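Open the model in your viewer and keep the selection tool at hand. The tour goes from one selection to the next.

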Amino acid sequence: MHYGPPGMKILGIETSCDETAAAIVADEAPRIRANLVLSQVAEHAEYGGIVPEIAARAHLETLDRLVTRAFAVAGVGLDAIDGVAVAGGPGLIGGVMVGVMLAKGLALARGVPFLAVNHLEAHALTARLTDDVPFPFLLLLVSGGHCQLLIVEEVGRYRRLGTTLDDAAGECFDKGAKLLGLGFPGGPLIERAAERGDPRRFLLPRPLRGRSGANFSFSGLKTALRERVVKLGGTAALDPGTVADLAASLQAAIADTLADRTTHAIAEFKARHPGGRHLVLSGGVAANGPIRRQIDALAARHGLSSVAPPIDLCTDNGAMIAWAGLERLRAGFKDGLDFAPRPRWPLDASAVRVRGAGVKA
Ligand code: KG4
Ligand code: ZN
């Protein structure tokens, strides 16, 4: 194991989806020196989803100023940086290219290591930034683009136990919110609407429940919700009480599905790593209170401690990229300036590619 210089600081850049983010993270407390996130929600809202071309252009227009501000917030200059980390994929390629080109330029100008970080690895390692979780740990990574159960064995070594056969859990929240006329992004809006709803009024399916393995599927749930809405007369005909009940029913179905699949993954994790003690929840959907509580309870029943980073570090951010870069640099990894952005980049390259999950990971 190689260790970098004490007091190491890394600049992290994230542009793989619809958040433009820049952060400076140090290996000494306080670790997070700056963490700025510029959301593009307003740019994409009228389309009800992310438009890749608009995302790339927005990253290009804002990233350099955001990086400059991150240095100002951290109170350091470019000369204080020991490496530049960037999300090199998986994600929307136009956006990834914007971040990668700036990161390469800064690393080249300063003569410091360039680190191309897998966006999923950054989500995976966030619990070590915030809670120093030791390897190995089980990870439930749930976001808009990904839904996976992985064993994180060490930096750069991941074993995928399950992935989605179709949609990610976050997509199910987003598409569900659209069907309910709530807007975008759907997760927080469904969570808020569900607070006043009855999760038992509409019985929605729990896809794959009880089946062996740890894969996920959400398309049947989405279809069931759509059929319900049609039966009720369509989106425009829903009254606020019904919207709340449907939101609560959808959220409960997603939470139960995540918990059921995680139960299987816990059994496999324990069989492979009897000494493993932690279940980590990460990705945007981990911001959901009821899901966090259900996964906490599940972990406790199986003798595991559950860890979920604070909400602003669960959703896309630059600090997670900088931290993953810092961990990679410490472990002796760095990348060449010939690195090519990767739209698709599985964390566990040996995992079988499943139907429908090929777009990203
Ligand atoms: O990790 P993230 O910021 O971006 C991706 O890498 O995909 O995750 C975004 C996803 C969106 O689908 C959003 O609806 C979902 O996370 N999300 C939530 C909540 N906050 C964000 N889902 C459920 N409940 C929330 N409170
Ligand atoms: Zn993400």
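Is Cys314 buried or exposed? Select Cys314: this residue is buried, as its relative accessible area is 0% (buried means under 20% relative accessible area, exposed over 50%, partly exposed in between, with a 1.4 Å probe and protein chains only).

A note before the next stop: this is a predicted model, in which local features need pLDDT of at least 70, side-chain atom pairs count only at pLDDT 80 or more, and totals for chains, interfaces and linings use all residues. Residues are numbered from 1 along each chain as its sequence is written, chains are lettered from A and ligands numbered from 1 in the order in which they are written, and side-chain values use heavy atoms, without hydrogens and water.

Next, select the zinc ion (ligand 2). His119 (NE2), His123 (NE2) and Asp316 (OD) coordinate this ion at 2.0 to 2.2 Å (donors are N, O and S atoms within 2.8 Å of the metal, or 3.2 Å for Na, K and Ca; water is not among the atoms, so sites may look incomplete). Along the chain, the donors follow the spacing H-x3-H-x192-D.

Now select His119 and His123. Both are buried.

Then colour the chain by domain. The assignment, automatic or from a database, gives domain 1 (9-131 + 313-345) and domain 2 (137-309). Their centres, taken over C-alpha atoms, are 26 Å apart. Across the boundary, 25 residues of domain 1 are in contact with 21 residues of domain 2 (contact means heavy atoms within 4.5 Å).
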